[in-house]
Amino acid sequence: MDLGLADKHALVLGASQGLGLATARALLAEGACVTLSARSPERLSAARDALPAEHRIRCFLAPADLADADAPRRIIDAALLNGPVDILVNNTGGPPPGLPSVTSADDVAIQFDRMVKPVLALTIELVKGMRERQWGRILTIASSGVVQPIPHLPVSNALRSTLVGFMKTLAGEVAPDGVTVNVLLPGRIATARTETLDAAAAQRSGRSVADIGRESAATIPAGRYGTVEEFGAVAAFLAGVPAGYVTGSLVRVDGGAIRSV
Ligand SMILES: NC(=O)c1ccc[n+]([C@@H]2O[C@H](COP(=O)([O-])OP(=O)(O)OC[C@H]3O[C@@H](n4cnc5c(N)ncnc54)[C@H](OP(=O)(O)O)[C@@H]3O)[C@@H](O)[C@H]2O)c1
């Protein structure tokens, strides 16, 4: 299937590794130009250097820390040097685990400024051009925790639900302008983030990381963690022309882990 992405430019946040990088790679493989953003210029450069030469020439970098108040403006200015942004992939680092009863409101506010505020600023600014051009795609990487809250990740469950509420509302407003807005819900995809969370669970329980991983995989109907390639393929499809009638959706990439319909 031709996803019609050859003349499109995507801005992907959190793109130096994991789900963001896999999404960027899938978009590049479909012929899109992609601007990658994350904090570390070194990790971004390494990610670009590892691409096939024919993809590398369509790949640009816009390093910034989303915790900085001026990051959205700097990322947008850098991305627009590579052309109008047709596709925005919102993605951030995840918050640390902990019990809700010992989470402070300040912890939530700090993460809000990294995970929500810059995402809203980028989305609100970039959707303007998409509407003018009558085509756009906004994808937000959230978590299965917005449907089935994950124990020990209260800040993630709370803040990603905020993004879902905003994106669903935006989807209704901009649908007449050819702009779709969808949220991806990864369950357990094998990345540095899942390794960190499994290591934290192992420390809490006094068991080995391997045991935690096995136990966790056994709770997933598919019986395993997903791969970043499986995730990137779904994201690329939603970014493509053929997905023009999919909007306002929460799309699960979870091997069946969420038990509700
Ligand atoms: N993997 C899963 O199964 C899963 C499941 C549910 C939810 N999620 C969530 O989905 C998101 C991506 O997951 P992942 O597994 O790919 O995570 P990851 O491997 O930790 O990657 C996070 C990306 O975000 C960037 N980043 C982190 N903090 C940033 C900041 N302050 N400003 C700008 N960029 C920042 C990182 O690069 P730098 O460090 O260079 O900035 C990296 O590129 C995370 O929020 C994660 O919690 C993942």
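Partly exposed residues have a relative accessible area between the buried limit, under 20%, and the exposed limit, over 50%. Gln-134 has a relative accessible area of 44%, so Gln-134 is partly exposed. The model described here is a predicted one.

**Two positive phi values**

Most residues other than glycine have a negative phi. Gln-134 has a positive phi of about 60 degrees, although Gln-134 is not a glycine. Gln-134 sits in the loop between H6 and strand S5 (136–141).

His-152 also has a positive phi, near 75 degrees, and is a residue other than glycine. The loop between S5 and H7 holds His-152. With a relative accessible area of 24%, His-152 is partly exposed.

**Helices H6 and H7**

Two packed helices are described by the angle between their axes and the distance between the axes. Helix H6 covers residues 117–133 and helix H7 covers residues 154–174. Their axes come within 12 Å and cross at roughly 10 degrees. Angles under 35 degrees count as roughly parallel, so H6 is roughly parallel to H7.

From H6, the contact is made by Val-119, Leu-120, Thr-123, Ile-124, Val-127 and Arg-131. From H7, Leu-163, Phe-166, Met-167, Leu-170, Glu-173 and Val-174 take part. By class, the contact has nine nonpolar, one polar and two charged residues.

**Val-164 in H7**

Val-164 lies in helix H7. Its relative accessible area is 16%, so Val-164 is buried. Leaving out residues up to four places away in sequence, Val-164 touches Val-146, Val-183 and Leu-250. Val-164 and Thr-194 are 30 residues apart in sequence. In space, their C-alpha atoms are 22 Å apart.

**Two loop serines**

Ser-40 belongs to the loop between strand S2 (33–36) and helix H2 (41–49). Is Ser-40 buried or exposed? Ser-40 is buried, because its relative accessible area is 12%. The Ser-40 side chain reaches the backbone nitrogen of Arg-43 at 2.9 Å.

Ser-208 belongs to the loop between helix H8 (192–205) and helix H9 (209–218). Ser-208 has 34% relative accessibility and therefore counts as partly exposed. The side chain of Ser-208 reaches the backbone nitrogen of Asp-211 at 3.0 Å. Asp-198 is ten residues from Ser-208 in sequence. The C-alpha atoms of Ser-208 and Asp-198 are 9.1 Å apart in space.

The table sets out the accessibility values for the residues discussed.

| Residue | Relative accessible area | Class |
|---|---|---|
| Ser-40 | 12% | Ser-40: buried |
| Gln-134 | 44% | Gln-134: partly exposed |
| His-152 | 24% | His-152: partly exposed |
| Val-164 | 16% | Val-164: buried |
| Ser-208 | 34% | Ser-208: partly exposed |

**Domains**

How is the chain divided? Domain 1 consists of 9–189 + 227–253, and domain 2 consists of 191–225. The C-alpha centres of domain 1 and domain 2 lie 25 Å apart. The contact between the domains takes 13 residues from domain 1 and twelve residues from domain 2.

How values were computed
Residues numbered from 1 in each chain as written. Predicted model: local features only at pLDDT ≥ 70, side-chain atom pairs only at ≥ 80, totals over all residues. Heavy atoms only, no water. Axes fitted to C-alpha atoms, helices over the stretch in contact; angles between N-to-C directions. Helix = DSSP H or I, 4+ residues; strand = E, 2+ residues; numbered from the N terminus. Parallel < 35°, antiparallel > 145°, perpendicular 65-115°, else oblique. Contact = heavy atoms within 4.5 Å. Nonpolar A, V, L, I, M, F, W, Y, C, P; charged D, E, K, R; others polar. Buried < 20%, exposed > 50% of the residue type's maximum accessible area, 1.4 Å probe, protein only. Polar contact = N/O pair within 3.5 Å; in protein donor to acceptor, adjacent residues only side chain to side chain. Domains from an automatic or database assignment.
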